[in-house]
Amino acid sequence: RPAAFGHSMQRLTGWLDHGSRVAYALLQPPSVARNIALVFTGDYVQGNQADIVMEMRELDKMAQRMGDGAYLAHSHVLVVAPHHYQEDSFAVFSQFVPGLNMMGQPLHYVLDDEAVRAARAMSPAQSGQDGGASPWLAWEAVDGLLSRVLLQLGQQCDLGHALDQLPVEVLGFSKGGVVVTRLANELGCAEFLRCQRALVVAAETAAPTAADGEEPTAAAAA
């Protein structure tokens with residue numbers, strides 16, 4: 001539901017729902033935008049009825065507030081809501097991160113054994129293509145959501161440029177850091193396995209081979 005943007009900040013605000021609710025605060029004119037800030041929000045604050053605190057429960061106002069700051073002054077801001085709030089307080093991002101407890105906290109901060117085994121068994125090109133478990137769960141979920149949101153915004157708002165051509169900066173506020181941590185862990189796992197495979201290939205390439213009909217030398221056998 002698009003809403004009129006504030007003339008002072010020159011942003012078009014509103015929210016979309018693609019399984020995850022996403023609020024947007026898009027710069028006007030769009031040409032001044034340098035990137036897209038994809039923000040994962042945190043827990044609700046309890047016991048404080050201050051206007052600004054209560055206002056931050058409204059995603060589109062939160063997106064506008066974040067865009068008001070100097071750091072995101074030149075960014076289109078997208079704020080992603082959690083799957084749900086446990087006890088109307090604790091943000092649970094289960095749509096992006098598996099293995100969370102009821103309060104939305106990760107049971108571990110490294111990839112689980114199943115994901116690592118899946119990563120070892122697949123090349124990146126095979127990941128998720130053979131019906132097996134993909135080790136890139138968070139990245140695939142975030143990329144899918146972002147693609148759908150940018151496509152709809154491009155069709156719905158006259159932005160004059162392609163949103164998907166802008167770089168994306170991922171930010172996590174409070175509990176939203178759970179998603180960012182998972183994304184970083186998946187990248188770290190991918191880099192580790194890439195280096196591991198490169199070492200194996202290098203070792204196989206460097207290993208001497210015996211000529212046809214010859215016995216391998218002691219050095220080659222070693």
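This is a predicted model: local features need pLDDT of at least 70, side-chain atom pairs count only at pLDDT 80 or more; totals for chains, interfaces and linings use all residues.
Phenylalanine 40 is buried, its relative accessible area being 1%. A pair of aromatic rings is described by the distance of the centres and the angle of the planes. With ring centres required to lie within 6.5 Å, the count comes to 3 aromatic pairs. One of them joins phenylalanine 40 to phenylalanine 93 in an edge-to-face arrangement, with 5.9 Å centre to centre and 80° between the planes. This pair links distant parts of the chain, since phenylalanine 40 belongs to strand β3 (residues 35-40), whereas phenylalanine 93 is found in the loop between β6 (90-92) and α3 (113-121), 53 residues apart. Phenylalanine 93 is likewise buried, with a relative accessible area of 1%.

A stacked pair is formed by tyrosine 44 and tyrosine 85, because their ring centres are 3.9 Å apart and their planes lie at 10°, where planes under 30 degrees apart count as stacked. Tyrosine 44 is placed in the loop between β3 and α1 (51-55) and tyrosine 85 in strand β5 (residues 84-86), so that this contact ties together parts of the chain that are 41 residues apart in sequence. Tyrosine 44 has a relative accessible area of 19% and is therefore classed as buried, the limit for this class being under 20%. Phe40, Phe93 and Phe96 form one aromatic cluster. A further ring contact involves a charged side chain: arginine 21 lies over the face of tryptophan 15, at 4.3 Å from the ring centre.

By contrast, the pairing of β3 with β4 is in the parallel sense and extends over 6 bridges, with leucine 38 standing opposite leucine 78 in β4.

In strand β4 (residues 75-80), 6 of the 6 residues are buried, so this strand is largely enclosed by the rest of the structure. In a regular strand the side chains alternate between the two faces of the sheet. In β4 both faces are covered, with Ser75, Val77 and Val79 buried on one side and His76, Leu78 and Val80 buried on the other.

A search of the whole structure finds 3 salt bridges. In one of them the side chains of lysine 175 and aspartate 43 meet at 3.1 Å, N to O. Lysine 175 is located in the loop between β7 and α5 (177-206) and aspartate 43 in the loop between β3 and α1, so the pair ties together parts that are 132 residues apart in sequence. Lysine 175 is buried, at a relative accessible area of 11%, whereas aspartate 43 is partly exposed, at 26%. The salt bridge between arginine 182 and glutamate 186, at 2.9 Å from N to O, lies within helix α5, where both residues are found 4 residues apart, about one turn of the helix. Arginine 182 counts as buried at 6% relative accessibility, and glutamate 186 is buried with a relative accessible area of 0%. In a further salt bridge the side chains of lysine 61 and glutamate 58 meet at 3.6 Å, N to O. Lysine 61 counts as partly exposed at 35% relative accessibility, and glutamate 58 counts as partly exposed at 36%.

Notes
Residues are numbered from 1 along each chain as its sequence is written. Side-chain values use heavy atoms; hydrogens and water are left out. Rings of Phe, Tyr and Trp (its six-membered ring) pair if their centres lie within 6.5 Å; planes under 30 degrees apart count as stacked, over 60 as edge-to-face and the rest as tilted. Helices (H or I, at least four residues) and strands (E, at least two) are DSSP runs, numbered from the N terminus. Buried means under 20% relative accessible area, exposed over 50%, partly exposed in between (1.4 Å probe, protein chains only). A charge sits over a ring if NZ of Lys or CZ of Arg is within 6 Å of the ring centre and within 35 degrees of the ring normal. Two strands pair if DSSP finds at least two bridges between them. A salt bridge is a side-chain nitrogen of Lys or Arg within 4 Å of a carboxyl oxygen of Asp or Glu.
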